[in-house]
Amino acid sequence: MESCSRTIMPCAACRLLRRRCTKDCLFIPYFPPAEPERFAAVHRIFGASNISKMLQQEVPVDHRGDAVTSLVYEATARLQEPVYGCVALIASLQKQVFRLQSELDEVLAENATLRAQLSVALSLIASCQSFPFAENSNQESNHQLQPSECGNSDNSDIMLQYYQVTDSYTEIANMFL
């Protein structure tokens, strides 16, 4: 019997507590020998006897792995942030989500504004193209409309704005593609 117990590699808990690890050790499935820092953190924050009592009495067998993972996470967070623990990390992540949501709302609003401007510019171009303007007889029939060719200077300004809006819209569209 003694030779069998010596071949068992002690779990991280038994190694840290300097006791003999047996086959039926409560900690061996959750604190393998290769990860001693997990048990060290949990032991420092909660204590080995409290962990043992909780695993044996309060947590069902099928939920023990999740409970140990949660304890390790909380203990690690408590060691990094002694006052708030994982609550500080959760609050930080919530602030980041709120900030990113605000940025997304701003970008979507800008996108809607640019789309509206583009729609207005396209409708103005369509109406500008219906104005009669003089073409030289040597120009091709598929002539592109130039800003100076619309009936007045207001339409020329609109055309310039159209080109600026389409350039901006193209840049934004390329960012998302």
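**Exercise 1. Confidence**

Work out the mean pLDDT of the protein and where confidence is lowest and highest.

*Solution.* Start with the scale: pLDDT is the predictor's confidence in each residue, from 0 to 100. For the protein the mean pLDDT is 80, and 73% of its residues reach 70 or more. This is a predicted model, so local features need pLDDT of at least 70 and side-chain atom pairs count only at pLDDT 80 or more, while totals for chains, interfaces and linings use all residues. Residues are numbered from 1 along each chain as its sequence is written, and side-chain values use heavy atoms, with hydrogens and water left out.

Next, go by element. Confidence is lowest in helix 1 (residues 2-7), at a mean of 45, and highest in helix 3, at 94. Helices here are DSSP runs of H or I with at least four residues, strands are runs of E with at least two, and both are numbered from the N terminus.

Finally, look for stretches under 50. Residues 1-6 stay under 50, and the model has 2 contacts for them beyond four places in sequence; contact means heavy atoms within 4.5 Å. Residues 133-145 also stay under 50, with 10 such contacts. Where pLDDT is low, the predicted coordinates should not be read in detail.

**Exercise 2. Overall make-up**

Find how many helices and strands the protein has, and what share of its residues is buried.

*Solution.* Count the elements: there are 7 helices and 0 strands. Then turn to burial, where buried means under 20% relative accessible area, exposed over 50%, and partly exposed in between (1.4 Å probe, protein chains only). Buried residues make up 25% of the 177 residues.

**Exercise 3. Helix 3 against helix 4**

Describe how helix 3 and helix 4 pack.

*Solution.* Two packed helices are described by the angle between their axes and the distance between the axes. Axes are lines fitted to C-alpha atoms, for helices over the stretch in contact, and angles run from 0 to 180 degrees between N-to-C directions. Helix 3 (residues 36-46) and helix 4 (residues 48-58) pack at about 100 degrees, with axes 7 Å apart. Helix 3 is therefore roughly perpendicular to helix 4 (angles of 65 to 115 degrees count as such, under 35 as roughly parallel, over 145 as roughly antiparallel and the rest as oblique).

Now list the partners: Phe 39, Val 42, His 43 and Phe 46 in helix 3 meet Ala 48, Asn 50 and Ile 51 in helix 4.

**Exercise 4. A backbone angle**

*Solution.* Phi of Arg 18 is near 55 degrees, a positive value in a residue other than glycine. Arg 18 lies in the loop between helix 2 (12-17) and helix 3. At 78% relative accessibility, Arg 18 counts as exposed.
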